[in-house]
Amino acid sequence: MPLLEVNSLTVDYQTRRGSIRAVDDMSFTLKKGEMMGLVGESGSGKSTLGLSIVRLVPSPGIIVAGHLEIDGISLLDASEEEMRSIRGKKAAFVFQDPMTSLSPVKRISAHFVELIRAHEPRIGKEQALLRAKATLMDVGILPERIDDYPHQFSGGMRQRIMIALAITLNPALLIADEPTTALDVIVQSKILDLMKGLREKYKMALILITHDLSIVLERCDKILVMYAGSFVEYADSMELHTNPMHPYTQGLLRSIPNVELADQKLEAISGSPPDMLSPPDGCRFQPRCVNAQERCRMERPPILEPEPGHFVRCFEVKE
Ligand SMILES: Nc1ncnc2c1ncn2[C@@H]1O[C@H](COP(=O)(O)OP(=O)(O)OP(=O)(O)O)[C@@H](O)[C@H]1O
Ligand SMILES: [Mg+2]
C-alpha cells in the first residue's frame, strides 16, 4: 500500500476576476520513505498541491474534487481536529518563507515546546527541550542557540530550524516548499542534501517542491512534473532523465546545462505559460507544443502509463 495516494485532486481559487483551477485532476502515489521532486514553473500549482495534502490551502482556495489518503486515512473526510493531529505526525509542511511560520517574538525553544506539547501533552517542558536540542543538532544548529529569537539567524539557518520543527514529531511524510530564491543555489543544495540525510535517519518520505529540475534530478527517487495546474509526467528520476516522454519535460531537460555535453545547445521552451483565468482548451501545453495536433486542441489527454511506473499526460505516447 502506498504511503500517499492522490486521486483526481482538483483545487480552485475563487477570485474576484474569476475562478482559477490551480490543481487540475492530479493523481499520483508515493511509497514509504520515497523522495519525490515536484517540479514546475512559477504559478504551476506546486504549493497549492503540497498544501492540499495537509489541507492548508489558503482562502479563497478550495479542494473541489478528488481523494487524498495518507497511511490509509482519508484526508478529505477527516475533521479539523483529526487534521490537527495528522499534521505534524503523518505529514508536515515546511513553508517557502520561514518568517511566515516562525513568530518573531518567540524564542526557538518556545516554538518547539508548544509544538511538541500540543501533540503530546504528557511530555514535560524539560523533556520537550531535550528533544528539541537533539533535533536542532540533526539539522546542524548548535543546541545552545535554542533560546535565541528567529531574527538572530541567517535565512539558511532559519530554513534549517523550520525543518527541525517539522521533523520533531517524526512525520511519515515531509513536504518542503522551495526554500525561496532569497537563498542562493549553494545554500539550497546544502539544504536538500541535509534533507536527504534526514530522510534516511528519520525514515520518512519527502516531497521537495522546486522550479529547478536540475536540483532534484540527482537527489530524488522520483520526479513529478506539473504545467499550469496539470499533471505532465511522473517517473523514477533516472527514467525521466533518460527517457522523457512529454514534450514539456523534454524541453525542461534541454534547458539544463549538462557538463558531459561540451557543445550542448541550451534551448529555452518558446512561448509563455497560459493565463490561469482562461487556460487553453484541450492539453494545457498545446499552444507551446511542437508536436500539437488538432486533437490536442480539442480534448484533454488522459494520464497514460506507457512503461510500468512511468506516467504521462500526452496523446503522443502509446501504452
Ligand atoms: N491565495 C490565492 N488567491 C488566488 N489565486 C491564487 C492564490 N494562491 C495561488 N493562486 C494562483 O494559483 C495558481 C498556482 O499557484 P501556486 O502558488 O500553487 O503555484 P507555484 O507553482 O507554487 O508557484 P511558485 O513557484 O511561484 O511558488 C497561480 O495561478 C496563482 O496565481
Ligand atoms: Mg509555490
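## Conventions

A crossing of two helices is called left-handed if the near helix is turned anticlockwise from the far one by less than a right angle, and right-handed if it is turned clockwise. Helices (H or I, at least four residues) and strands (E, at least two) are DSSP runs, numbered from the N terminus.

This is a predicted model, in which local features need pLDDT of at least 70 and side-chain atom pairs count only at pLDDT 80 or more, while totals for chains, interfaces and linings use all residues. Residues are numbered from 1 along each chain as its sequence is written, and chains are lettered from A and ligands numbered from 1 in the order in which they are written.

## Overall form

The protein chain contains ten helices and twelve strands, and its C-alpha trace spans about 65 × 50 × 40 Å along the principal axes. Its radius of gyration, taken over C-alpha atoms, is 20 Å, which agrees with the value near 20 Å that a compact globule of 319 residues would have; the globule rule is 2.2 Å times the number of residues to the power 0.38.

## Packing of α5 with α6

The axes of helix α5 (residues 155-167) and helix α6 (residues 185-202) come within 11 Å and cross at roughly 20°, where axes are lines fitted to C-alpha atoms, for helices over the stretch in contact, and angles run from 0 to 180 degrees between N-to-C directions. That makes α5 roughly parallel to α6 (angles under 35 degrees count as roughly parallel, over 145 as roughly antiparallel, 65 to 115 as roughly perpendicular and the rest as oblique). The crossing of α5 with α6 is right-handed.

In this contact (C-beta atoms, placed from the backbone, within 7 Å), Gly-156, Gln-159, Ile-163 and Ile-167 of α5 meet Val-187, Ile-191, Met-195, Leu-198 and Tyr-202 of α6. These residues divide into seven nonpolar, two polar and no charged, with Ala, Val, Leu, Ile, Met, Phe, Trp, Tyr, Cys and Pro counted as nonpolar, Asp, Glu, Lys and Arg as charged, and the others, Gly among them, as polar.

## Packing of α3 with α4

Helix α3 (residues 108-119) packs on helix α4 (residues 125-138) at an angle of about 115°, their axes being 9 Å apart. That makes α3 roughly perpendicular to α4, and α3 passes α4 in a right-handed crossing.

From α3, Ser-109, Phe-112, Val-113, Ile-116 and Arg-117 meet Lys-125, Ala-128, Leu-129, Arg-131 and Ala-132 in α4; by class, this contact has six nonpolar, one polar and three charged residues.

Of the 17 residues around ligand 1, Ala-22, Ser-42, Lys-46, Ser-47 and Thr-48 come nearest, a residue being near if its C-beta atom, placed from the backbone, lies within 6 Å. Strands β1 (4-15) and β2 (18-30) and helix α1 (46-53) each supply at least two residues of this shell, and α1 gives the most, with three. The shell divides into six nonpolar, ten polar and one charged residue.

## Backbone details

Ser-8, which lies in strand β1, has a positive phi of about 50° although it is not a glycine. The peptide bond from Ser-59 to Pro-60 is cis, with omega near 5°, and Pro-60 is placed in the loop between α1 and β4 (61-70).

Definitions and conventions. Contact = placed C-beta atoms within 7 Å.
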